Amino acid sequence: MASEKFQNFIDETGDIARFTGRFFKELFKPRFEFNEFFRQCFFIGYKSFPLVAITAFIMGLVITIQSRPTLVEFGAESWLPRMVSVSLIREIAPVITALICAGKIGSGIGAELGSMKVTEQIDAMEVSGTNPFKFLVVTRVITTTLMIPILAVLADAISLYGGFLGANIHGVVSWDLFWNQVFDTLAFGDVVPSIIKTYFFGFAIGIIGCYKGFNTNKGTEGVGIAANSAVVISSLLVFILDLLAVQITDILGLN
Amino acid sequence: MNTELSIQNDSNSSNTSDLVVCIRNLEKSFGENHVLKNFNFKLYKGESIVVLGKSGSGKSVLVKCIIGLLYPDAGTIQVLGKNIPDLNHDELDRIRVKVGFLFQSNALYDSMTVRENLEFPLRRHWIKMDKEEVNSLVMEALGNVGLEETIDMMPSELSGGMRKRIALARTLILKPEIILYDEPTTGLDPITSTEISNLIVDVQKKYNTSSIVISHDMNCVKIVANKIVMLVDGTNYISDTYKELQKSKDIKISSFFK
Amino acid sequence: MARETTRNLRVGIIVILSTLLLITALYLIGDKQNLFGSTFRISAKFYNVNGLMQGNNVRLSGINVGTVENVEIVADSSVNVVMLIEKRVQPFIKKNAIASVGTDGLMGNKLVEINSVKEDATGVEEGDELETMRPVEVDDMVRTLKLTNDNIQIITSNLRLITDKINSKNSLWSLLMDTGVAENVKSAVVNIKLMTNQSVEVTGNLKEISSGLKNGKGTLGALITDTLFSSHIRQTIVKIEKFSDSAATITGDLSKIVNKIKNGQGSIGVLLNDTMLIYNLNKGISSIDSGALNFNQNMKALKTIWPLKKYFNKTDK
């Protein structure tokens, strides 16, 4: 039983890798579906923004409030903006954005493509002379790859604003001082790797959602399974990629 | 075996230019499940053949092989003189313009309006049309199914019968020479089912298309079929007209005509 | 179509907003790191940089004005530190400013501090090298103190020898003829010079130690518990005290010599022939710490009373 599960795992990993390979092959074939891409930008990028914004704001606020007592113990309360900004920018904002998007976008794509698959809409596209892989998968994967970094940057800004409010609940940090300290602390080594990794997060979320949706079977029940496993696998991948990103930036000496 | 031979003899005697679909020794299996075994089939211009069989007898697999959505394991599928499994993507695409496909579940794009659904087959890169041409084609196709007023509605706002008719309109928009109907009346009430069946016949007459209809709805089969091919255990069991088969004493055949 | 347009507009807004935020953030960070804007480079050679790294801040009078661009070893006891400084502070850094390696707060990052010196000087230019101050090192300090002690002992014994001879009933003539004595004086002067340099350093270090001790801060505060170290310091202080006592006697004796020379003008020639000795005497005396007030007074007396000027003028001609 265990070995069968393991074999399934290996099978699926290989399948996902081949799917990714196909993505890159189709990516460079002519006729890019611009209209569908813009439509997806709206649904994936714009529609996820409120959710990402609220989460980022709350995370910024909460992290700041939670960090204060420890810093106060050290008498280093004035370091609050510095500490909070580093943890938000380097880790929390990008990962929270990616996880929220894995939940919202990953399941959305998984369910959408899954239902298209079981209701033969994907076959219908194929018959209608439109490459469904290009029309559905390539556009969505590119959209997630491009939109999640954008959402992450906005989440960075919003979470820092949340941090500013959090720092002012018990203490007083002026607007200017807060931002001065934040930008004094942050270096390119904090910002650039954290932005770069969100591109990979976005790509992983898109490719897993599309893979799961595109390979749905077993009818309506399969749609639910596709949406669910898309969320589970892409969330897990976000963490794995995050681990890799930390190690790579460490090796490159950017930490 | 006798039936198979008779079909082959038949093909030799008739004019091959009228032969639009010719399937020989088609084999298709999914793992251990041999869905199609040594299947042979012929469709002549203007004919309307119903493929009759139980659920899971491989009817849908058959039409999907014809349109190139599935690759057969063995055998040839000649459609308008070209062997489908040998074609590359672009050549297949050009054949598909001449072969319409009405999906069992309609396969209307949920996220698009009726107009966008109908325009979708026209977005092939080698079809160049201006807006007015596209619009007139859309209106003509909708007119054929009598649903012009739904043009800006979403598929989810339509009833089952309307969706089927929109799907048919989408199939018709490129005026195909052959239309494949995959269970066109499944899930519809008898009255709507009759309407759709009559519509299929009207379309057949209007555009002089050849049709392959997959169905087990005898009401529909009665209206549509010129000839019936029985698919039993993955192979063509018998081929005859509705009237002849109705008289048959064979339990495998008569079970459909109750 | 209109629907598509408004959608694209909204997407466009968040894309532009995010891009602007990112650019602003990168610009602000870059501004802090001196990657944009006009800058210039100066360097300084340190004996020890205590873990200073590329990217550490450079402060002028406590304000961040630049970053460390490069730290490289140029010799076994010399580390060259290249600093990238904002152009706007260029006029405020003088050529004689002193760079030192410090720490930001109690446990903060290392940084380079540039401190101005009271004397006037022109502003630095691109590529200038600043003077440096060695960071305080306890080991080093103790070593210096020991050396000073040894020197003090030698000086005092030498001087005592001289003064003994002077004080003895023998005439000044016999003193001046005695080459051994002259040698002693010479070496004494050399030692005084060495000693004065070191004592300046030692007193500075001691001051720092004592202020550190008072505040009970930093590594020095921790070291005070080390009894060995504190006993070292105590001994040193005792020895220095001894030295200043003996220095007072020496200077008293020297003034006696001068008086005697003043009186017995004729017999002085031999001693004065040794110009090197005089030069050394002058220099040695002048470099004695201002704390040793008698030395300075004597020097003044020598300059005004001693008819050396005339002699020098003559020989020059």
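A nonpolar core is taken here as a set of buried Ala, Val, Leu, Ile, Met, Phe, Trp, Tyr and Cys residues joined through side-chain atoms within 4.5 Å, where buried means under 20% relative accessible area, exposed over 50% and partly exposed in between, with a 1.4 Å probe and protein chains only. The model is predicted, and local features need pLDDT of at least 70, side-chain atom pairs count only at pLDDT 80 or more, and totals for chains, interfaces and linings use all residues. Residues are numbered from 1 along each chain as its sequence is written, chains are lettered from A and ligands numbered from 1 in the order in which they are written, and side-chain values use heavy atoms, with hydrogens and water left out.

The largest nonpolar core comprises 83 residues, and those with the most contacts inside it are B:Val21, B:Ile23, B:Phe41, B:Val79, B:Leu180 and B:Ile212. Its largest share, 13 residues, is supplied by helix H6 (residues 132-170) of chain A, helices (H or I, at least four residues) and strands (E, at least two) being DSSP runs numbered from the N terminus. When neighbours within four places in sequence are set aside, the contacts of B:Phe41 include B:Val21, B:Ile23, B:Ile49 and B:Ile212, contact meaning heavy atoms within 4.5 Å. A second, separate core of 46 residues has B:Ala169, B:Leu188, B:Val221 and B:Ala225 among its members.

In chain A, the axes of helix H8 (residues 188-214) and helix H9 (residues 219-251) come within 9 Å and cross at roughly 155°, the axes being lines fitted to C-alpha atoms over the stretch in contact, with angles from 0 to 180 degrees between N-to-C directions. H8(A) is therefore roughly antiparallel to H9(A), given that angles under 35 degrees count as roughly parallel, over 145 as roughly antiparallel, 65 to 115 as roughly perpendicular and the rest as oblique. Residues making this contact include A:Phe200, A:Phe201 and A:Ile208 of H8(A), and A:Ile233, A:Leu237 and A:Leu241 of H9(A).

B:Lys175 lies in the loop between helix H6 (160-172) and strand S7 (178-182) of chain B and, at 36% relative accessibility, counts as partly exposed. B:Asn208 is located in the loop between helix H7 (190-207) and strand S8 (210-215) of chain B, and is partly exposed with a relative accessible area of 46%.

Chain C contains ten helices and seven strands, and buried residues make up 36% of its 317 residues.
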